[in-house]
Amino acid sequence: MKKGFDAILILAGDIPRGHAAQAFDILISAEPRPLIAAADGGASFLATRELRPDILVGDNDSLEAGLAEAMRAAGTQVVDYPQHKDFSDAEAAWRLLVEKGCKRIAIFGADGGRIDHTMGNLLLPMLHPEVQAIFFGADYRAAICYNFFTLRGHIGDTVSLMPLSSRITGITLRGFEYPLDNYTLEIGCSRTLSNALSETEGSISLKQGALLIIHYLNQQH
């Protein structure tokens, strides 16, 4: 988290715990503080911290009765949508932040009880490849790499790279237990699962395609 974030987006999945909770505390204390947006039930977590979002987006199907109106009265910009729609609350919130010019977004609460929702959330940044999103989970960080990405952690941290394109070319890994040099990866191939950092900093570069990076953090973080 060396670079600042334009916005924090709280989704309605698992509430931030572990590493995610620590990262959230650091980000909300930053000066200037990033814009805070909540997708529907994500506002409930903020309420438990006696915080309110700058923007609340959604259909209110996972919010306590009256919470949206209380936040509106307190100055939150509330963007209402009907429950029957052809996009998720998370997508609506993401698009609104992009429209506001946000270029680096920290996302919390992306994972939950349903794998389809989790996958849908993790793939949201592919709508706007020019915007960098970092996902914070209890024991991981995740991001999508299109050309170059640097990971900072501890030796032994597990890192998995998931292909999001049918063919990813020119993959080069440095600072990993299993390095690669100009490798071509086909979608579905498990070659880049469960690698590990061999140094405190690892670099990932590729020429074409997209990779989902999942960096599991050991307890020293």
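# Close-up views of a predicted model

**View 1. Phe 176 is buried, with a relative accessible area of 5%.** The model shown here and in the other views is predicted. Phe 176 belongs to the loop that runs between β10 and β11 (180-186). Because buried means under 20% relative accessible area, the value of 5% puts Phe 176 in that class. Leaving aside residues up to four places away in sequence, Phe 176 touches Leu 151, Val 159, Asn 195, Ala 196, Leu 197, Ser 198, Gly 202, Ser 203 and Ile 204. Leu 161 lies 15 residues from Phe 176 along the chain, and the C-alpha atoms of the two are separated by 12 Å.

**View 2. Ser 160 sits in strand β9 (residues 158-163).** Is Ser 160 buried or exposed? Ser 160 counts as buried, because its relative accessibility is 8%. The side chain of Ser 160 reaches the backbone nitrogen of Ser 194 at 2.9 Å. Ser 194 is also one of the residues that Ser 160 touches, together with Thr 192, Leu 193, Leu 212, Ile 213 and Ile 214, when residues up to four places away in sequence are not counted.

**View 3. Ser 194 lies in the loop between β11 and β12.** Ser 194 has a positive phi of about 55 degrees, although it is not a glycine.

**View 4. An open sheet is formed by 10 strands.** The strand order is β4-β3-β2-β1-β5-β6-β7-β14-β9-β12, and the pairing is mixed. β4 (77-80) and β12 (195-196) stand at the edges with a single partner strand each, so one side of each has no neighbour in the sheet. Within this sheet, strand β2 (residues 35-39) and strand β3 (residues 55-58) run parallel and are joined by three bridges. Which residue of β3 is the bridge partner of Ala 37? The partner is Ile 55. In a regular strand the side chains alternate between the two faces of the sheet.

**View 5. Strand β13 (residues 201-205) pairs with strand β8 (residues 148-152) through five bridges.** The two strands run antiparallel. Arg 152 has Glu 201 in β13 as its bridge partner. Strand β10 (residues 167-174) is also joined to β13, by three bridges, and this pair runs antiparallel. Here Arg 174 stands opposite Ser 203 in β13. Ser 203 is also among the residues touched by Phe 176.

**View 6. Helix α1 (residues 18-28) packs through its buried residues.** These residues are His 19, Ala 20, Ala 21, Ala 23, Phe 24 and Leu 27. What do they pack against? They pack against β1 (7-10), α2 (42-48), β5 (104-108), β6 (132-136) and β7 (140-145). An α-helix has 3.6 residues a turn, so residues three or four places apart point the same way.

**View 7. Two loops contain backbone features to look for.** Pro 32 is found in the loop between α1 and β2. The peptide bond from Glu 31 to Pro 32 is cis, and its omega is near -5 degrees. Asp 40 lies in the loop between β2 and α2. Asp 40 has a positive phi of about 50 degrees although it is not a glycine. A relative accessible area of 1% means that Asp 40 is buried.

**View 8. Helix α4 is mostly covered, with nine of its 11 residues buried.** The buried residues of α4 are Asp 89, Ala 90, Glu 91, Ala 92, Ala 93, Trp 94, Leu 96, Leu 97 and Val 98. Just after α4, Gly 101 takes a positive phi of about 95 degrees.

**View 9. The second largest pocket has a volume of about 490 Å³.** Its lining consists of 26 residues, and those nearest its centre are Ala 12, Ser 88, Ala 90, His 117 and Asn 121. The elements that give two or more residues to this lining are α4 (89-99) and α5 (115-123). Which element gives the most to the lining of the second largest pocket? α5 does, with five residues. By type, the lining residues of this pocket divide into seven nonpolar, 10 polar and nine charged. Ala 90, one of the residues nearest the centre of the pocket, is also one of the buried residues of α4.

Notes:
Residues are numbered from 1 along each chain as its sequence is written. This is a predicted model: local features need pLDDT of at least 70, side-chain atom pairs count only at pLDDT 80 or more; totals for chains, interfaces and linings use all residues. Side-chain values use heavy atoms; hydrogens and water are left out. Helices (H or I, at least four residues) and strands (E, at least two) are DSSP runs, numbered from the N terminus. Buried means under 20% relative accessible area, exposed over 50%, partly exposed in between (1.4 Å probe, protein chains only). A polar contact is a pair of N or O atoms within 3.5 Å; within protein, one must be able to donate a hydrogen and the other to accept it, and residues adjacent in sequence count only if both atoms are side-chain atoms. Contact means heavy atoms within 4.5 Å. Two strands pair if DSSP finds at least two bridges between them. On a 1 Å grid over the protein atoms alone, a cavity is a set of points where a 1.4 Å probe fits but cannot get out, and a pocket is an open set with protein on both sides within 12 Å along at least five of seven lines; lining residues have an atom within 4 Å of a point. Grid points are joined across faces, edges and corners, and a volume is the space filled by probe spheres set on the points. Ala, Val, Leu, Ile, Met, Phe, Trp, Tyr, Cys and Pro count as nonpolar, Asp, Glu, Lys and Arg as charged, and the others, Gly among them, as polar.
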